[in-house]
Amino acid sequence: MTSEQRCYVHTDKKSDGKWYYVVVIDSETGALMGPHDTEDQALAAGQKDLENLSINDDE
């Protein structure tokens, strides 16, 4: 049985009109990051952070 990590980026528009993101790993929510002008910018930044975490089993 394998234990797979569930990782994704969640974006949200706050009352200041700016977009923010959090990286979620196995139901653990990271810090709120931003602000970004668009949802696409927030999502791209979050995906880049997720890639930089190097979550894989290639070791």
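How do S1 and S2 pair, and over how many bridges? In this predicted model, the two strands run in the antiparallel sense and are joined over seven bridges. They also make a hairpin, with five residues between them. Look for Gly 17 in that turn: its phi is positive, at about 85°.

Now for the charged side chains. Side chains of opposite charge can pair when their charged atoms come close. Here the count is two salt bridges, and they look like this:

| Salt bridge | Closest N and O atoms |
|---|---|
| Lys 14 with Asp 12 | 3.1 Å |
| Asp 37 with Lys 18 | 2.5 Å |

Let's take the pair of Asp 37 and Lys 18. This one ties together distant parts of the chain, with its partners 19 residues apart. Asp 37 sits in the loop between strand S4 (33-36) and helix H1 (39-52), while Lys 18 belongs to the loop between strand S1 (7-13) and strand S2 (19-25). Asp 37 has a relative accessible area of 51%, so it counts as exposed. Lys 18 comes in at 31%, which means it is partly exposed.

How values were computed: Residues are numbered from 1 along each chain as its sequence is written. This is a predicted model: local features need pLDDT of at least 70, side-chain atom pairs count only at pLDDT 80 or more; totals for chains, interfaces and linings use all residues. Side-chain values use heavy atoms; hydrogens and water are left out. A salt bridge is a side-chain nitrogen of Lys or Arg within 4 Å of a carboxyl oxygen of Asp or Glu. Helices (H or I, at least four residues) and strands (E, at least two) are DSSP runs, numbered from the N terminus. Buried means under 20% relative accessible area, exposed over 50%, partly exposed in between (1.4 Å probe, protein chains only). Two strands pair if DSSP finds at least two bridges between them.
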